[in-house]
Amino acid sequence: MSRKYANATEALAGLLHDDMTLCVGGFGLCGIPERLINAVRDAGVRNLTVVSNNAGIDGEGLGQLLRTGQIRKMISSYVGENKEFARQYLAGELEVEFCPQGTLAERCRAGGAGIPAFFTRTGVGTQVAEGKETREFAGQEYIMERSIRGDLALIKGWKADDAGNMIFRKTARNFNQVMATAAPLCVAEVEGIVPVGSIEPDAVHLPGIYVKRLICGAPYEKKIEFRTVRTKEAA
Amino acid sequence: MPWTRNEIAARAAAELEDGFYVNLGIGIPTLVANNISDATNVTLQSENGMLGIGPFPLEGEEDADLINAGKQTISELPSSAYFGSAESFAMIRGGHIDLTILGALEVSERGDIANWMIPGKMIKGMGGAMDLVAGVKRVIVTMDHCNKGGEPKFVQQCSLPLTGKAVVDMLITDLGVFERQLSTGRFRLSEIAPNVTREEIAAQTSASYDE
């Protein structure tokens with residue numbers, strides 16, 4: 001059975017419904033599954049809970065689903081650079097659960113690894129700890145964080161083979177690797193699908209067991225949020 | 001004369017030791033990178049999944065897949081390594097990072113830090129700051145001694161939502177350096193910026209500290 005689909009809409013056929021929870025990879029605009037996000041927008045499903053480190057920027061990435069009002073709740077660590085997000089949040093149209101970035105990553109890792117909860121020092125004594133069980137280990141206070149398991153994971157990789165084995169590129173790996181594991185089903189978009197056997201087994205970043213459906217989304221424009229450079233003289 | 005932002009960063013850079021793995025926050029901490037002496041071999045971590053941050057790329061060599069935690073384009077070094085967010089924070093939470101240097105809105109006399117939220121105003125989220133202050137071996141805060149309204153930021157008790165409780169080990173402001181002592185948990189004024197007096201610092205501080 002091939003994992004390859006012709007486009008994002010076909011790859012998501014039969015998988016989307018209202019009220020579902022999506023786990024979405026990416027950091028800022030780096031490594032976001034933009035073709036799949038656009039297909040979710042076009043499908044028009046509503047009342048979504050989206051687990052993602054960021055919420056895109058205005059009109060880009062998850063910002064598209066905010067603009068259409070399809071997201072009911074975000075679970076994120078950082079949502080700056082997004083006016084529409086701030087507006088909806090302040091107007092009470094959007095529910096937000098702020099979660100420390102490392103705790104978010106570990107909650108998804110735990111969800112994917114069959115661990116219902118874990119203890120961490122992150123957030124002890126802050127409003128993140130409010131309402132959470134605490135416990136002392138070796139004289140240190142820890143808070144209990146529950147794992148996250150979504151209905152569907154959407155990620156972006158660099159190269160994958162038809163067995164789903166995937167390689168990420170540079171810092172575009174970020175949350176993609178862990179989000180792929182945090183749902184029973186992961187759909188991935190990549191910049192190139194290569195023949196089975198052309199990825200060195202030792203070099204695989206994400207084993208194909210997690211990736212059920214695959215599209216090639218190339219060509220990508222790849223937007224940069226903050227372009228910073230040095231001049232030759234300074235180098 | 002109080003220290004400039006770059007002088008604060010240079011003072012913080014003096015805390016880096018050869019072989020250290022370091023995570024730098026946004027603002028004054030970012031300036032620390034330019035003040036590391038060539039004799040000190042330091043590896044910078046970026047919490048979005050990289051060890052060994054290189055300088056900004058040359059014009060035309062920017063790569064959208066290679067950014068720091070502030071979403072700025074950067075470059076890689078021969079010694080660089082990439083990894084995912086779960087592993088990145090495992091190394092932070094697991095105490096493998098030697099030092100983090102962060103900015104702050106407020107620091108309390110007991111070492112509490114507030115730097116992620118101003119209710120009703122700044123609603124962006126904490127990013128990785130709570131993980132860093134909880135997990136990194138040593139936490140240094142660099143900030144202006146007073147806010148734009150001239151009110152002290154080194155206070156008895158933080159009024160803003162906390163990022164971490166009793167986590168700051170050293171505070172470097174434009175007026176001086178305060179080190180928190182393990183034995184008492186209190187800060188001690190250990191250095192004063194040139195031509196600044198102890199009285200001037202006391203007048204601009206609402207926290208209690210040892211001299």
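A polar contact is a pair of N or O atoms within 3.5 Å; within protein, one atom must be able to donate a hydrogen and the other to accept it, and residues adjacent in sequence count only if both atoms are side-chain atoms. Between chain B and chain A, 24 residue pairs are in polar contact, with both residues at pLDDT 80 or more.

This is a predicted model, in which local features need pLDDT of at least 70, side-chain atom pairs count only at pLDDT 80 or more, and totals for chains, interfaces and linings use all residues. Residues are numbered from 1 along each chain as its sequence is written, chains are lettered from A and ligands numbered from 1 in the order in which they are written, and side-chain values use heavy atoms, with hydrogens and water left out.

**The interface**

Contact (heavy atoms within 4.5 Å) joins 45 residues of chain B to 51 residues of chain A. The area buried between the two chains is about 4100 Å², and carbon and sulfur atoms give 60% of this. Buried area here is the accessible area (1.4 Å probe) that two parts lose on being put together, summed over both. On the side of chain B, D65(B), K71(B) and K124(B) lose the most area to chain A, together 19% of what that side buries.

**Salt bridges**

A salt bridge is a side-chain nitrogen of Lys or Arg within 4 Å of a carboxyl oxygen of Asp or Glu. The whole structure has 25 of them over all chains, and five cross the interface of chain B and chain A. The table gives examples.

| Residue | Partner | N to O distance |
|---|---|---|
| E76(B) | K170(A) | 3.0 Å |
| R35(A) | E34(A) | 3.6 Å |
| E95(A) | R72(A) | 3.1 Å |
| E15(B) | R11(B) | 2.9 Å |

Salt bridges that share partners join K156(A), R169(A), E191(A), K222(A), D63(B) and D65(B) into one network.

**Exposure of the paired residues**

Buried means under 20% relative accessible area, exposed over 50%, and partly exposed in between (1.4 Å probe, protein chains only). In chain A, R35(A) is partly exposed at 23%, and E34(A) is partly exposed at 23%. E95(A) has a relative accessibility of 38% and counts as partly exposed, while R72(A) is partly exposed at 36%.
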